[in-house]
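Keep the structure open and look up each residue as you go.

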Amino acid sequence: MTFRTSGPFPPLILDDVRGAQKMLSGVARTTGMEGSRHLSSLVGAPVHFKCENLQRTGSFKLRGAYVRIAGLSPVERASGVVAASAGNHAQGVALASSLLGVRSTVFMPVGAPLPKVAATREYGAEVRLHGHVVDETLAAAQEYAEETGAVFIHPFDHPDIIAGQGTVGLEILEQCPEVRTIVVGVGGGGLAAGIAVAVKALRPDVRIVGVQAAGAAAFPPSLSAGHPVALDSVQTMADGIKVGRPGDLTFPLVQELVDEVRTVSEDELSSALLLCLERAKMVVEPAGASPVAALLSDPGSFRGPVVAVLSGGNVDPLLMQRILTHGMVAAGRYLSLRLRLTDRPGALAALLATLTVADANVLDIQHVRTDPRLGLTEAEVELHLETKGPAHCDEVASELRAAGYLVRI
């Protein structure tokens, strides 16, 4: 089966993906498939994780980068390669180049997370920090390619990249032949397009659902318009799918082969990341958790068995801390409230005793006596509590009100 592409490239076919799979033998890991009992119970059918977060370099990006660089001519290899990325593509290109003995230069934004910069260097690339947004970094890399003759390795818009990413789809069919729905995060579209080319050729009945962050969802308006449309701005914590315009090559493949593209909110991404960590014991970056976010947001709309692709696990520890806090708030695990009490000895101790009975954990407390809005014998307390979920939040507030406190949430 042949699928159309645009531009000067020949159509992409299943044999291209199979060829990429042979090329990646012994290079990329055949990542495992893990079941999720929690999501299975929500969906009402088996749900499995395809764990590309456990791939070498921590994401699927090594697959496409290796196939692309391995396909260069001796002359092109001698000129070296250059890429632009804030993280996963950078590491994939760096390791692939090192394995193939090709010199690599990677441009990264000035504010790129230090662990990702360090990992890219350790994989063998020369790292150059340039620009504060990826578009500026990309322009610098392309300028470098023109000046030096180095081959620019696009993060998603090349047939070899798409074919390499498509090997994930072949592995899914081998590991879960009964699959009926595949859910995958979408940025520029390389992974979704590659999986779709492989899967639809062999199992056209399998439904493929793409997922984008709502703040960087370029595919819905592009699909409506019938051509790639650039967003005016992109805002999301999911930097792995933070792409403002679909690729010219990936767009027609997604348009033809991906059954649906959904969007998820930042709160849903945070909750999904928290679930992966708590329930599956998986460290997953926000982009990698986007399929899980889609499953959580509307579990009844997916036919099972479902395979959710956890596309990457490279997350900066500081960002992880913020995301987990955000996820716990979104999941109703934190409760912030204010109340007034009589300013007398033992009043605060009595309040804390009530919270102990309610089984709420105090994370932070502020005791204010000097606010001019307070009466002479009043004090105001602001509390930040850790709870067991939304129902427990209601129970804590009810317990405080029953004890005579005026609670403001």
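1. Start with helix α13. It is mostly covered: 10 of its 12 residues are buried. Buried means under 20% relative accessible area, exposed means over 50%, and partly exposed lies in between (1.4 Å probe, protein chains only). The buried residues of α13 include Pro286, Ala287, Gly288 and Ala289. Ser290, Pro291, Val292, Ala293, Ala294 and Leu295 are buried too.

2. A word on the source. This is a predicted model, where local features need pLDDT of at least 70 and side-chain atom pairs count only at pLDDT 80 or more, while totals for chains, interfaces and linings use all residues. Residues are numbered from 1 along each chain as its sequence is written, and side-chain values use heavy atoms, with hydrogens and water left out.

3. Now the whole chain. The secondary structure comes to 16 helices and 16 strands. Helices (H or I, at least four residues) and strands (E, at least two) are DSSP runs, numbered from the N terminus. The C-alpha trace spans about 85 × 45 × 40 Å along its principal axes. Of the 409 residues, 55% are buried.

4. Next, contacts and surface. Contact means heavy atoms within 4.5 Å. Take the contacts with a separation of 6 or more: residues 24 or more positions apart account for 72% of them. The chain exposes about 17,300 Å², and carbon and sulfur atoms supply 52% of it. Accessible areas come from the Shrake-Rupley method with a 1.4 Å probe; for residues, only the protein chains shown count as cover.

5. How many aromatic pairs does a search of the whole structure find? The search finds 2. The rings of Phe219 and Phe251 have centres 6.2 Å apart and planes at 20°, so this pair is stacked. The rule covers rings of Phe, Tyr and Trp (its six-membered ring): they pair if their centres lie within 6.5 Å, and planes under 30 degrees apart count as stacked, over 60 as edge-to-face and the rest as tilted. Phe219 lies in helix α10 (residues 219-225) and Phe251 in helix α11 (residues 250-257), so the pair ties together parts that are 32 residues apart in sequence. Both Phe219 and Phe251 are buried.

6. Look at the loop between β4 (47-51) and α3 (61-70), where Ser59 sits. Ser59 is buried, with a relative accessible area of 0%. A polar atom of the Ser59 side chain lies 3.1 Å from the backbone nitrogen of Lys61. Leaving aside neighbours within four places in sequence, Ser59 is in contact with Glu52, Asn88, Ser311, Gly312 and Asn314.

7. Check the backbone as well. Most residues other than glycine have a negative phi, and most peptide bonds are trans. Thr57, also in the loop between β4 and α3, has a positive phi near 70°. Is Thr57 buried or exposed? At 6% relative accessibility, Thr57 counts as buried.

8. Lys281 has a positive phi too, near 60°. Its place is in the loop between α12 (266-278) and α13. At 64% relative accessibility, Lys281 counts as exposed.

9. Finish with a peptide bond. The one from Gly304 to Pro305 is cis, with omega near -5°. Pro305 is found in the loop between α13 (286-297) and β12 (306-310).

Definitions and conventions: Polar contact = N/O pair within 3.5 Å; in protein donor to acceptor, adjacent residues only side chain to side chain.
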